[in-house]
Amino acid sequence: NLTTPTISVIGTGYLGATHAACLAELGFRVVGVDRDRDKIARLAAGEAPFSEPGLDDLLRRHTASGRLRFTTAIRVAAEHADVHFLCVGTPQSAAGPEADLAGLWAAVRDLGRHLTRDCLVVGKSTVPVGTAAAMAAELGRIVPPRISANVAWNPEFLREGHGVQDTLHPDRLVFGVDSPSAELTLRLLYERPIAAGVPVHVTDLATAELAKSAANGFLATKVSFVNAMAEISERAGADVVALADILGDDPRIGRSFLDAGIGFGGGCLPKDIRALAARAAALGASSAPALLHAVDEANARARSRVADLALELCPGAGARVAVLGAAFKPRSDDVRDSPALDIARRVHRAGAEVRVYDPEASLNARAVAPELTYVASLETALRGAELVLHLTEWPEFAAMDPRWAARLVRWPVIIDGRNRIDSGRWAAAGWTVHSVGRPRRGAPARALVADPAG
Ligand code: UDX
């Protein structure tokens, strides 16, 4: 019954769990499917398996009402839903830069074989362009006789920490379709955001798939561009923050994603630019792979430059280093490909005694970097530190009183890897402040290091 379609969401990671809960909020009956029993048990109990503002509330309300269910049996989805959203993760392959689609294909085949009714299969996962067409062909081969499974692509641009908001109030909708009925179904599902004025882009399947990779590729390029400008600024005595403000006032450029620092990380941008470069190369495109590799390399350099500076400023082996932040960005407990954690590990490997404080990500960080020491407060991290690294811009770090912090540390030297602390105020409180792409503030750290008493 396509007036109120029943929905399944296959893959309940970050994207799928949020999408399932938001569709329930929009009024649909939804079943979420995943192979991970623990995850499904937590979701079914109305609890988000990761931290995401607003998600717990949606899960609690809609699992209680029965509008939202969770199961490990894809058969349940295949037999009951009119629309299936594919939200299976597509991580980077262990062996190379390309995306690993094994999980996605397993889900598609499992679903296809169990179908007992006509349906629309809508891809949301980030995939190499061309996957949707291959999927349509595969479904054509494997679905039971007299059953039709149409394919559409509807990429998602949600940011971690804003997932619920971005899903309920997207800034655009993309419908990659190859039939009018697929478009109609998607318009029905997104009736509310469309009524609220969200622009809809109806395209072919390939453009919709590419839209997601290209959006992330462009955001990554902006960050690497400004980090490249930061390196020039440092060498020339310029200030990259003022520079970004000037660039940002040009509406053709825009100020967002021009914050210089230790670069981008997380579960999307790094793997997506590598996958896009690999796919571009496989398609025989000549300029995209080189451009995207340069973006990736500049991002790696942004981390190394801060790690190298930290080692230069460490007063010898066994130096005590306070690391503020482990998550790849603030308001997230995600440490996947986190530049902060990467730098902390490098400084530790070089022989420093590293103490990490992160308001939310310590548990996840400990799982991937158990060699580091995690402390439960900012104060414990700072006490006795000979160098402070500010690596994830949690608001509480920028809000800290530099005089209070100066009394706790052994030497008041900080590298602000996110350009978020007020360097003038910190310098006035006696700190040496190294930022990214900005002139140093306060006395040279070496002078302090040479004379700890003074
Ligand atoms: C990103 C995209 O924004 C989102 O549209 C897509 O759906 C998934 O990937 P997310 O991974 O949640 O979202 O992180 P985002 O907030 O975009 O930040 C990515 C990384 O870039 C972070 O490590 C952040 O610290 C870094 N960044 C961002 C900068 O270094 N400078 C900036 O100016 C902006």
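F257 lies in the loop between helix 11 and helix 12. In this predicted model, the residue has a positive phi of about 65°, although F257 is not a glycine. Most residues other than glycine have a negative phi.

N419 sits in the loop between strand 13 (413-416) and helix 19 (423-428). N419 counts as buried, because it has 21 C-beta neighbours inside 10 Å and the cut-off for burial is 20 or more.

Buried residues make up 49% of the 454 residues.

Helix 10 (residues 205-236) packs against helix 12 (residues 269-282). The angle is about 115°, and the axes are 9 Å apart. The two helices are therefore roughly perpendicular to each other. Their crossing is left-handed. On the side of helix 10, the contact involves S213, N216, G217, L219 and A220. These residues meet L269, D272, I273, A275 and L276 in helix 12. By class, the contact has six nonpolar, three polar and one charged residues.

Helix 10 also meets helix 11 (residues 240-248). Here the axes come within 9 Å and cross at roughly 135°. This angle makes helix 10 oblique to helix 11. The crossing of helix 10 and helix 11 is right-handed. V226, M229, A230 and S233 of helix 10 make the contact with V240, L243 and A244 of helix 11. Six of the residues in this contact are nonpolar and one is polar, with no charged residue. The contact of helix 10 with helix 12, by comparison, includes one charged residue.

A further helix pair is formed by helix 13 (residues 287-313) and helix 14 (residues 339-349). They pack at an angle of about 35°, with axes 10 Å apart. The crossing of helix 13 and helix 14 is right-handed. Helix 13 contributes R303, V306, A307, A310 and L311. Helix 14 contributes P339, D342, I343, R346 and V347. The residues in this contact divide into seven nonpolar, no polar and three charged.

L324 is found in strand 9 (residues 320-324). L324 is buried, with 31 other C-beta atoms within 10 Å. Leaving aside neighbours within four places in sequence, L324 is in contact with Y357, A381, V388, L389, H390, L391 and F397. L324 and R383 are 59 residues apart in sequence. In space, their C-alpha atoms are 13 Å apart.

V174 is found in strand 7 (residues 173-176). V174 is buried too, with 22 other C-beta atoms within 10 Å. Beyond four places in sequence, V174 is in contact with N154, P155, H201, T203, A208 and A211. The C-alpha atoms of V174 and D204 are separated by 9.9 Å. V174 and D204 are 30 residues apart along the chain.

Note on methods: Residues are numbered from 1 along each chain as its sequence is written. This is a predicted model: local features need pLDDT of at least 70, side-chain atom pairs count only at pLDDT 80 or more; totals for chains, interfaces and linings use all residues. A residue is buried if 20 or more other C-beta atoms lie within 10 Å of its own, exposed if 12 or fewer, and partly exposed in between; C-beta atoms are placed from the backbone. Axes are lines fitted to C-alpha atoms, for helices over the stretch in contact, and angles run from 0 to 180 degrees between N-to-C directions. Helices (H or I, at least four residues) and strands (E, at least two) are DSSP runs, numbered from the N terminus. Angles under 35 degrees count as roughly parallel, over 145 as roughly antiparallel, 65 to 115 as roughly perpendicular and the rest as oblique. A crossing is left-handed if the near helix is turned anticlockwise from the far one by less than a right angle, and right-handed if clockwise. Two residues are in contact if their C-beta atoms, placed from the backbone, lie within 7 Å. Ala, Val, Leu, Ile, Met, Phe, Trp, Tyr, Cys and Pro count as nonpolar, Asp, Glu, Lys and Arg as charged, and the others, Gly among them, as polar.
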